Amino acid sequence: MPKDRLRELYYENGRPVGLTSEIFDPRPIPAFDIDKPDENLVRSLRLYSQIREAKHSVTAVSIISALKNAGLWEYEPNIHEKKTDSKQKEIMYYQRHYIQAWQKHKWIDKPSSKAKYDLTEDGKNIIMTFYVDGQNNCN
């Protein structure tokens, strides 16, 4: 922009106004609380997102393995329970405590039964807002 037009565009009656034409006196911003979501769920979702973005496998078994490697897996198997295979128990735990929790919070969505879970806008905002320091990477 030519310098000679600056005064014309950003000044009003010799007073600088920038891109505003109307100003208001300062006023208090209303206070509100935001409950922090569960840290493990957010960090796990971030890891899932990174794996998805890297186009790596997002099967339950591969995500469980990544969660274990990142120290985000919380399942403690009952060694006395013999009815179900331990791998199947882990998959069920993953489904109930990660996938269903993410869905309940509306952080993920599955467009069709054969599709993979995608992060919703809420999910993307959550992983960009909370517990960002010390991110877990999928590498």
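1. A residue is called buried when its relative accessible area is under 20% and exposed when that area is over 50%. Those cut-offs matter for two residues in this predicted model.

2. Start with Tyr131. This residue lies in the segment after α5, the helix spanning 121–129. Its relative accessibility is 16%, so Tyr131 counts as buried. The backbone deserves a look too. Tyr131 is not a glycine, yet its phi is positive, at about 55 degrees.

3. Look for Lys106 in the loop that runs between α4 (86–104) and β3 (108–109). Is Lys106 buried or exposed? With 58% relative accessibility, Lys106 counts as exposed.

4. Now the helix pair. Two packed helices are described by an angle and a distance, both taken between their axes. For α3 (residues 60–69) and α4, the angle is about 80 degrees and the axes are 10 Å apart. The two helices are therefore roughly perpendicular.

5. Which residues meet where α3 and α4 touch? From α3 come Ala60, Val61, Ile63, Ile64, Leu67 and Lys68. From α4 come Lys87, Glu90, Ile91, Tyr94 and Tyr98. By class, this contact has 8 nonpolar residues and 3 charged ones, with no polar residues.

Technical notes
Residues are numbered from 1 along each chain as its sequence is written. This is a predicted model: local features need pLDDT of at least 70, side-chain atom pairs count only at pLDDT 80 or more; totals for chains, interfaces and linings use all residues. Side-chain values use heavy atoms; hydrogens and water are left out. Helices (H or I, at least four residues) and strands (E, at least two) are DSSP runs, numbered from the N terminus. Buried means under 20% relative accessible area, exposed over 50%, partly exposed in between (1.4 Å probe, protein chains only). Axes are lines fitted to C-alpha atoms, for helices over the stretch in contact, and angles run from 0 to 180 degrees between N-to-C directions. Angles under 35 degrees count as roughly parallel, over 145 as roughly antiparallel, 65 to 115 as roughly perpendicular and the rest as oblique. Contact means heavy atoms within 4.5 Å. Ala, Val, Leu, Ile, Met, Phe, Trp, Tyr, Cys and Pro count as nonpolar, Asp, Glu, Lys and Arg as charged, and the others, Gly among them, as polar.
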